[in-house]
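Dear colleague,

Please find below the structure that I am handing over to you, together with its sequence. My notes on what was found in it follow.

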Amino acid sequence: MIHRTAALSLVLLLAACSSEQAMTAPASEDAARVAGLWWAFLGFASFVFALVIGLVIAAMRTTFTEPAMPIETRRGWTLVIGGGVVLPLIAVVGLVGSGLWIGGVVARNEEPADLTVEVAGKRWWWEVIYRDADGEEIARTANEIVLPVGRTARVLLTSDNVIHSFWAPNLQGKTDMIPGRVNESRLTPARTGRFRGQCAEFCGVQHAYMAFVVEVIEADAFDAWLARQARPRTVPADPLLRRGLAVFLEADCGTCHAIRGTPAEGEMGPDLTHLAARETLAAGTIPNTKGHLAGWIGDPQKVKPGVLMPATALEPDDQEALLAYLTSLR
Amino acid sequence: MDERREDGRPGDVDWRERRGADPSESREAPGGPPTEERQEPLHPAIEDDAEETRRLAETWAAPTGFVGWFTPVNQRIIGRRFIVTAFVYFVLAGLLGVAMRLQLAVPENDLLAPDIYNQFFTVHGTAMMFLFAIPVLEGFALFVVPMMIGTRDMAFPRLNAFGYYVYLIGSAIFFLMLVVGMAPKAGWFNYVPLAGKLYEPGIGVDIWTTMITFIEVSALTAAVELIVTILKLRAPGMTLNRMPVFVWASLVMAFMIVFAMPAIIVASSLLILDRLVGTGFFVPEMGGDPLLWQHLFWFFGHPEVYIVLVPALGIVSTIVTTFTQRSLFGYTAIVISIVATGFVSFGLWVHHMFATGLPHLGMSFFMAASAMIAIPNGVQVFCWIATMWGSRIRLATPMLYVLGFFWVFVMGGLTGVMVASIPFDLQVHDTYFLVAHFHYVLIGGSVMPVIGALYYWYPQLTGRMMNEVAGKISFALVFVGFNVAFFPMHQLGLDGMPRRVYTYLEESGWGDLNLLATIGAVVLAAGFATTMVNALASLRWGAKARRNPWDAETLEWATESPPPPYNHRHIPIVKSREPVWDWREMKERPVVTGLRSDRREVVVTSILDAEPQAVQVLPAPTIWPFLSAVAASVGFIGILFHPIFFVVSFFLAFFSFVGWFWPRRPWQED
């Protein structure tokens with residue numbers, strides 16, 4: 001047990017200095033097991049590949065030089081049985097055994113989850129809903145999933161449109177989001193960091209730019225974050241921000257987007273109550289800065305062709321007010 | 001057996017005594033010695049009546065001229081058309097692949113708009129599978145198998161022609177959709193609900209399902225043809241255990257088509273009903289289930305991989321035997337492996353669906369079955385190694401492609417075993433790791449043997465040899481280009497790059513490997529282009545082939561290059577697995593006598609022991625299969641626009657079938 005933990009922490013340590021969207025840089029025990037599996041597979045496969053190619057070359061050695069010498073029947077059968085039956089059989093036993101064990105550990109879900117997050121696949125973004133033990137909604141956000149390190153999150157995966165697939169390779173293998181079903185995945189991050197995930201099932205024109213971020217933070221910070229996310233908005237006192245909200249409502253943004261605490265209650269697009277707290281826009285496509293936000297609102301098709309959000313043309317003053325308001329939604 | 005090569009005397013006149021001479025040495029330049037010297041008499045013991053031979057050629061001749069193009073039923077003509085048409089789609093779909101690679105060469109590229117890219121990858125996948133891989137292997141089987149089993153045509157020649165026209169019409173319409181920008185863009189797998197009317201309102205997916213129907217009909221006709229022909233028309237004496245491995249592979253492929261295609265027929269019919277009539281088989285709100293589509297699709301889709309792999313492995317066995325001049329080591333083991341592959345391939349389909357959240361225990365069965373398929377394939381690989389062991393291999397282009405096959409296919413097989421593991425698959429499924437894996441399997445396992453087969457059987461297709469130098473250049477480009485293009489994709493998948501994305505962000509860090517892959521793809525394309533140009537140029541400038549240029553052992557070489565319309569002047573009687581090699585020693589060569597030359601007669605033999613049972617009279621060329629194909633197409637295509645076409649097509653098809661089956665007294669009575 002200690003040995004295993006040591007091995008895992010070694011893998012985790014190695015991973016810490018690698019890229020943020022790779023199965024070979026695991027940030028959870030589940031992912032670390034699969035990463036270990038990959039290195040074992042790679043070793044075995046390299047051996048078999050070298051063996052077969054070596055045998056082919058050995059078989060041909062007489063082509064240019066020596067007189068031909070057919071293989072003896074006995075040795076031939078030894079070769080065929082050894083290479084064609086025994087070797088694959090060893091691989092099969094090892095593979096099925098490891099697959100059952102690791103898959104079983106991942107699928108069994110023995111410990112009760114510490115928190116429940118529902119992630120719904122949209123075209124082409126992710127709706128993220130934090131729920132309490134009774135299934136009541138605590139907070140709703142989009143494209144960024146914040147998780148506490150060391151705790152197990154039960155992730156419920158749904159879709160009301162086409163099939164998507166939820167995949168953050170550093171944390172866990174992928175699970176499809178299928179209309180009419182609720183699938184489940186478990187994420188137990190073992191280290192803090194930002195891990196990128198991406199839709200892994202072709203879901204239409206903007207499948208390419210349908211990414212999300214899993215931000216793993218300390219447990220205390222997480223509790224504070226969730227409490228902040230749960231808070232609705234009030235009408236701002238600042239006149240510029242107040243005008244920005246009015247522009248938001250007049251431009252019918254509220255038909256698709258919700259800002260909790262205001263008349264904007266749309267459900268088509270991402271919830272914007274704490275938009276400014278996110279680091280990216282358009283499902284991980286562009287950084288969430290004022291300039292990018294302005295470009296995104298003015299011409300979303302340019303950023304993400306095929307996106308369902310319509311372009312909104314605004315007077316410069318209105319645009320300034322709207323941007324000021326949106327960037328205040330921390 | 002190898003000493004035969006030693007005393008080969010190039011240019012020997014007596015073919016029976018020439019032993020394994022290198023064809024490149026004895027190849028005559030165009031306009032060299034006249035045909036009579038090049039093509040020695042096959043049956044010196046038999047006095048061939050010239051008048052009889054002429055009448056035989058006349059009876060079996062295919063019609064010429066413009067109208068004549070629509071009427072031939074000879075198996076070699078139909079097979080050749082399948083091969084040529086399939087290669088046209090190979091080139092077109094390959095160009096789409098290159099276009100996609102150019103788009104992905106650098107991050108955030110805007111060479112192709114996402115809609116165009118999505119159409120391209122949908123058509124690339126669909127065309128490579130349905131319009132190239134299956135038809136080209138059917139084509140080779142239709143072309144080679146009847147000659148290989150020593151008969152003169154397929155059992156149902158008109159059905160054969162029908163299958164080709166259906167394929168031609170369906171595939172042409174499918175590709176035209178790309179030209180007018182209305183091609184499907186939901187992927188070759190067309191997962192619902194994305195492929196449903198709500199999310200794909202255009203006509204693209206409708207055309208896709210229709211095209212699938214066409215290809216199914218065409219594949220089923222070819223499969224039925226092959227099964228009956230192989231089981232009933234083998235030359236006397238060619239018992240099942242003397243059948244060439246390629247014939248076994250074609251037989252297994254045909255049976256797999258018969259069992260796998262109905263699943264996709266059901267799936268595409270239900271999808272078109274959902275789209276046109278508003279049924280809800282796959283719509284969850286109406287009580288349907290999107291996963292039903294995936295089960296049906298992959299129940300076909302996985303055997304499909306082996307449908308294109310099994311005959312290609314048969315080609316490998318053929319080429320290995322010929323180029324080592326040895327009997328295949330472990331013939332029985334190889335045949336059992338082929339049959340086992342056919343069976344097991346039907347128990348693997350769920351490994352495409354590990355991420356769908358099915359119960360883990362249920363999926364474990366498919367994990368084990370997927371890994372088990374390594375055994376029959378491993379047995380074949382090691383049997384080939386044992387055959388090659390200590391031989392003097394002739395390193396001509398077909399054999400080079402087979403050697404390349406070992407490298408590429410074994411690597412694809414190894415990653416295939418890896419992805420059978422559920423936890424590992426959940427990480428790499430639908431990533432570039434998978435793209436790398438299946439291109440290694442399909443290009444390595446299927447395309448490279450097929451290109452080898454093109455070089456190998458080109459003399460029988462055209463009567464000329466393909467250029468060896470160009471062939472070797474082509475192989476070098478293909479081998480290097482392929483590995484440069486696809487090997488880096490393994491790493492891209494591990495680094496998290498999903499499939500079917502038209503672009504990726506600069507920050508992802510995937511740019512370098514993608515650029516490398518694109519460079520490889522261009523080299524690969526150049527390699528395939530070299531072969532295509534070689535094939536076209538050799539039609540005109542290729543050296544004339546002598547009889548049996550590779551000194552092969554099977555019966556398709558026991559006739560001239562190219563074969564006369566009747567394939568074999570005399571139907572041989574077979575006494576071993578390598579009849580043509582036997583004849584090098586034997587002065588006597590028993591043949592079937594008594595077949596008439598004034599009508600198309602073939603010998604029907606028993607299934608197991610190939611004992612002569614009867615004489616079958618085959619029908620002559622006719623326009624009716626073409627008209628029937630047109631009639632069926634009117635219905636399949638027209639129904640997308642108006643239901644009335646169903647009725648129109650029904651009557652058209654009825655009349656064309658009546659014409660097709662109208663009793664023709666003269667050839668039935670006498």
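What share of the 670 residues of chain B counts as buried? The figure is 66%. Please keep in mind throughout that this is a predicted model, and that every value below was computed from it.

Chain B

The secondary structure of chain B consists of 23 helices and two strands. Its C-alpha trace extends over about 75 × 60 × 50 Å along the principal axes. Of the contacts in chain B with a separation of 6 or more, 80% are accounted for by residues 24 or more positions apart. Chain B has an accessible surface of about 22300 Å², and carbon and sulfur atoms hold 69% of that surface. Chain B carries 44 positive and 53 negative charges, whose mean positions are 6 Å apart.

Chain A

Chain A has eight helices and twelve strands. Its radius of gyration is 26 Å, whereas a compact globule of 330 residues would have one near 20 Å. The C-alpha trace of chain A spans about 95 × 45 × 40 Å along its principal axes. Of its 330 residues, 55% count as buried. When contacts in chain A between residues at least 6 apart in sequence are considered, 61% of them join residues at least 24 apart. The accessible surface of chain A is about 14300 Å², with 61% belonging to carbon and sulfur atoms. There are 29 positive and 35 negative side chains in chain A, and the centres of these two sets are 6 Å apart.

The interface

How many residues of chain A are in contact with chain B? There are 83, and they meet 82 residues of chain B. The area buried between chain A and chain B is about 6800 Å², and carbon and sulfur atoms give 73% of it. On the side of chain A, the residues that lose the most area to chain B are A:Phe49, A:Lys174 and A:Phe202, which together make up 10% of what that side buries.

Backbone features

Most residues other than glycine have a negative phi, and most peptide bonds are trans. The following places in the model depart from one or the other pattern.

In chain A, the peptide bond from A:Arg123 to A:Trp124 is cis, with omega near -5°. A:Trp124 lies in the loop between β1 (115-121) and β2 (126-131). In chain B, the bond from B:Ser561 to B:Pro562 is cis, also with omega near -5°, and B:Pro562 belongs to the loop between α19 and α20.

A:Asp252 has a positive phi of about 65° and is placed in the loop between α5 (239-250) and β11 (280-281) of chain A. Its relative accessible area is 51%, so A:Asp252 counts as exposed, the cut-off being over 50%. B:Glu108 has a positive phi of about 50° and sits in the loop between α6 (75-104) and α7 (114-148) of chain B. B:Glu108 is counted as partly exposed because its relative accessibility is 41%.

Two further residues of chain B

B:Pro565 is located in the loop between α19 (511-541) and α20 (579-585), the loop that also holds B:Pro562. Is B:Pro565 buried or partly exposed? With a relative accessible area of 27%, it is partly exposed. Leaving aside residues up to four places away in sequence, B:Pro565 touches B:Ala57, B:Trp60, B:Ala61, B:Asn74 and B:Arg76. B:Pro565 and B:Ala62 are 503 residues apart in sequence, yet their C-alpha atoms are 7.4 Å apart in space.

B:Phe651 is part of helix α22 (residues 644-661) of chain B. Its relative accessible area of 45% makes B:Phe651 partly exposed. B:Phe651 and B:Phe82 are 569 residues apart along the chain, and their C-alpha atoms are separated by 28 Å.

With kind regards

Conventions: Residues numbered from 1 in each chain as written. Chains lettered and ligands numbered in written order. Predicted model: local features only at pLDDT ≥ 70, side-chain atom pairs only at ≥ 80, totals over all residues. Heavy atoms only, no water. Helix = DSSP H or I, 4+ residues; strand = E, 2+ residues; numbered from the N terminus. Rg over C-alpha atoms; globule rule 2.2 N^0.38 Å. Buried < 20%, exposed > 50% of the residue type's maximum accessible area, 1.4 Å probe, protein only. Contact = heavy atoms within 4.5 Å. Areas by Shrake-Rupley, 256 points an atom, 1.4 Å probe, with all protein chains shown as cover. Lys, Arg positive; Asp, Glu negative; His and termini not counted. Charge placed at Lys NZ, Arg CZ, Asp CG, Glu CD. Buried area = accessible area lost by both parts, 1.4 Å probe.
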